[in-house]
Amino acid sequence: MPGIDACLQEAMSLPGARGAAIVDWTSGLALGTAGESPGGDHEATAAETAELARAAAEYTAFAPAPGAAEGTASGPASGPASASAPGTGPASGKASGTTDGTGSADPDKGPPVEDLIVTSRTGYHILSFVETAFDSSVFLYLWLDRDTGNLALARLRLGRLAERLVLG
């Protein structure tokens with residue numbers, strides 16, 4: 001299980017990787033960075049991507065409130081859902097191996113959003129939420145060159161890295 005430096009090194013080995021970071025979305029601070037940053041400043045990029053992660057994690061359009069079925073009109077239609085950190089809020093339905101002891105996935109465990117992808121004219125920006133045993137508010141960020149990067153491969157590998165990342 002990789003730590004922060006090993007995780008960033010592995011992320012940067014992906015084809016087309018230009019920059020990577022591990023970011024705490026509640027504070028907007030980068031816990032570690034590698035490679036380039038889109039604006040030339042890793043801390044500014046961490047703060048900006050944290051804003052995007054917070055919006056996705058807190059609003060019911062992306063992470064339905066507890067008891068609200070995805071894809072239905074039932075449940076709250078506007079305003080933030082629980083302002084809890086990933087790992088304590090509603091789940092996106094991703095069965096990530098978290099079980100309730102009976103072998104079935106527990107929908108109230110894990111990050112509220114699995115990942116985010118933002119496409120720009122020159123690159124892809126992927127945010128992959130990290131699930132931990134404690135109140136985690138961390139995500140992996142990867143900036144890929146649009147011409148040389150492989151979005152599907154990067155998303156899959158980043159998700160695996162997020163599952164294996166050891167924080168502590």
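What follows is a short chat about reading the sheet and its helices in this predicted model.

Colleague: Where do I start with the sheet? In what order do the strands sit?

Modeller: Start by walking across the strands from one side to the other. Here you have an open sheet of five strands, ordered S2-S1-S5-S4-S3, with antiparallel pairing. From one strand to the next, the twist averages 15°.

Colleague: And how many bridges join S3 to S4?

Modeller: For pairing, look at which strands are bridged, then pick out a residue pair. S3 and S4 (residues 123-129) are joined by five bridges and run antiparallel; Val-118 sits opposite His-125 of S4. S4 also pairs with S5 over seven bridges, again antiparallel, and there Tyr-124 faces Leu-144 in S5. S1 and S5 have seven antiparallel bridges too, with Ala-21 partnered by Tyr-141 of S5.

Colleague: Which helices pack on the sheet, and what do they touch?

Modeller: Check contacts, then direction. H1 (residues 4-12) touches S1 (17-24), S2 and S5 (138-145), and its direction makes about 150° with that of S1. H2 (residues 42-58) lies across S1, S2, S3, S4 and S5, at about 120° to S2.

Methods: Residues are numbered from 1 along each chain as its sequence is written. This is a predicted model: local features need pLDDT of at least 70, side-chain atom pairs count only at pLDDT 80 or more; totals for chains, interfaces and linings use all residues. Side-chain values use heavy atoms; hydrogens and water are left out. Two strands pair if DSSP finds at least two bridges between them. Helices (H or I, at least four residues) and strands (E, at least two) are DSSP runs, numbered from the N terminus. Axes are lines fitted to C-alpha atoms, for helices over the stretch in contact, and angles run from 0 to 180 degrees between N-to-C directions. Contact means heavy atoms within 4.5 Å.
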